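Student: I've just opened this one and would like a guided tour. Could we take it slowly, one feature at a time?

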Amino acid sequence: MRKPWVVGVALAAVLLGACGDPSSGPGAEPPPPASPEASATTHQRPAATPGPPSPGAGGSRDVSPGAASGEPPEPPAVLYLGDSLAMESQKVLGRELRKDLRARYTSAPYSGTTLCDYLEGSAERSLVPAADKAAALVRSLRPDYVVLQFWGNAWDYTPCMDGITHAASPEKYFERYAAAAHRLTEQIRAAGAARPPRIVWVLQGPDPITPDRVRRVNTLYEDHAATSGGLVADAGGAVSPAGARYTWSQYLPCDAYERAHPEYCTQQGRGRTALHLDDDYLHFCLAPTTSTPKPCPVRSPGILRIAREITRVIAEHVRSR
């Protein structure tokens with residue numbers, strides 16, 4: 001009974017690295033549009049720590065639409081943190097946010113991490129250095145939104161989980177995960193001082209090995225957002241079958257955007273698109289993972305679906321204020 005689980009965990013541990021250079025792929029991701037907004041910094045992890053805040057990031061962060069003047073909303077500042085799913089998605093999300101909102105965007109993901117890795121005070125037991133903790137980045141960059149995308153590290157992979165795994169002790173795992181979410185929210189809000197950023201909790205897609213685990217992680221995110229004033233982006237729903245939110249699928253029918261942009265409909269003759277490689281059920285990059293984490297280097301429909309949903313939620317909130 002244990003053998004399939006052990007094999008699955010071993011495979012998943014290998015898959016925790018983010019996308020690297022492809023040996024082959026369905027085509028290069030289009031470059032970001034050549035515009036003044038495209039110059040906003042995107043940090044590729046692990047390599048460097050953030051530079052100085054973008055112009056205007058340290059002053060007033062009112063992103064209201066200015067109803068009295070009829071002016072469009074001020075471009076928001078967005079900080080994107082997360083694990084290997086954020087690592088592979090960071091460039092595409094930045095492109096979508098700049099295109100739709102002219103956002104000032106910074107990303108600082110680290111592969112293999114979970115929420116506790118971004119807590120200040122955990123540098124010695126963490127995959128994230130002190131300078132890139134969530135609160136430290138909020139103090140230096142003054143973002144309007146902090147997007148958190150974590151699949152929910154379920155194995156003994158990052159030291160900050162103190163060896164707590166979902167397989168060995170699921171209830172203890174969820175308790176520890178909820179506590180980390182609460183502490184991280186407190187640290188981010190305190191770092192924002194009088195103008196704390198809005199936290200966007202990204203819901204995750206189906207997990208074929210332990211489907212109920214992701215369901216409970218997502219419920220934890222939703223409940224925490226409801227009690228702390230956060231936002232929820234159901235990016236996982238965008239990569240799930242219609243009417244079967246927690247059923248994993250390698251392929252889905254092409255959506256309206258993919259039909260209008262056939263380069264994202266990978267099997268046009270069958271009206272469906274690929275979300276995962278044959279040997280990687282977790283990541284959405286259609287290029288093999290390598291030992292050097294980096295953004296996905298090829299066009300990948302699942303990543304675009306995730307990025308578009310996160311962007312939609314932020315845009316809706318910006319324009320409603």
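Tutor: Let us begin with a pair of helices: helix 3 and helix 4 are roughly parallel to each other (angles under 35 degrees count as roughly parallel, over 145 as roughly antiparallel, 65 to 115 as roughly perpendicular and the rest as oblique). Helices (H or I, at least four residues) and strands (E, at least two) are DSSP runs, numbered from the N terminus. Please keep in mind that this is a predicted model, in which local features need pLDDT of at least 70 and side-chain atom pairs pLDDT 80 or more, while totals for chains, interfaces and linings use all residues. Residues are numbered from 1 along each chain as its sequence is written, and side-chain values use heavy atoms, leaving out hydrogens and water.

Student: At what angle do the axes of helix 3 and helix 4 cross, then?

Tutor: They cross at roughly 20 degrees and come within 8 Å, where axes are lines fitted to C-alpha atoms, for helices over the stretch in contact, and angles run from 0 to 180 degrees between N-to-C directions. On the helix 3 side, the contact is made by Ala134, Ala135, Val138 and Arg139, and on the helix 4 side by Leu184, Gln187, Ile188 and Ala191, with contact meaning heavy atoms within 4.5 Å.

Student: New topic: what is the strand order in the open sheet?

Tutor: The open sheet has five strands in the order 2-1-3-4-5, with parallel pairing, and two strands pair if DSSP finds at least two bridges between them. At the edges are strand 2 (104-107) and strand 5 (231-233), each of which pairs on one side only.

Student: And over how many bridges does strand 1 pair with strand 2?

Tutor: Strand 1, residues 77-82, pairs with strand 2 over four bridges in the parallel sense; in this pairing leucine 79 stands opposite threonine 106, and tyrosine 80 stands opposite serine 107. With strand 3, strand 1 pairs over five bridges, again in the parallel sense, and there leucine 81 has leucine 148 as its bridge partner.

Student: Which helices lie on the strands?

Tutor: Helix 3 (residues 134-141) packs on the sheet, touching strand 1, strand 2 and strand 3 (145-149). Helix 4 (residues 170-191) lies across strand 3 and strand 4 (198-202), running at about 150 degrees to strand 4.

Student: Where is isoleucine 164, and what does isoleucine 164 touch?

Tutor: Isoleucine 164 is in the loop between strand 3 and helix 4, and at 9% relative accessibility it counts as buried. Leaving aside residues up to four places away in sequence, isoleucine 164 touches Trp155, Lys172, Tyr173 and Arg176.

Student: And how many helices and strands are in the protein chain?

Tutor: The protein chain has seven helices and seven strands, and 53% of its 321 residues count as buried.

Definitions and conventions:
Buried means under 20% relative accessible area, exposed over 50%, partly exposed in between (1.4 Å probe, protein chains only).
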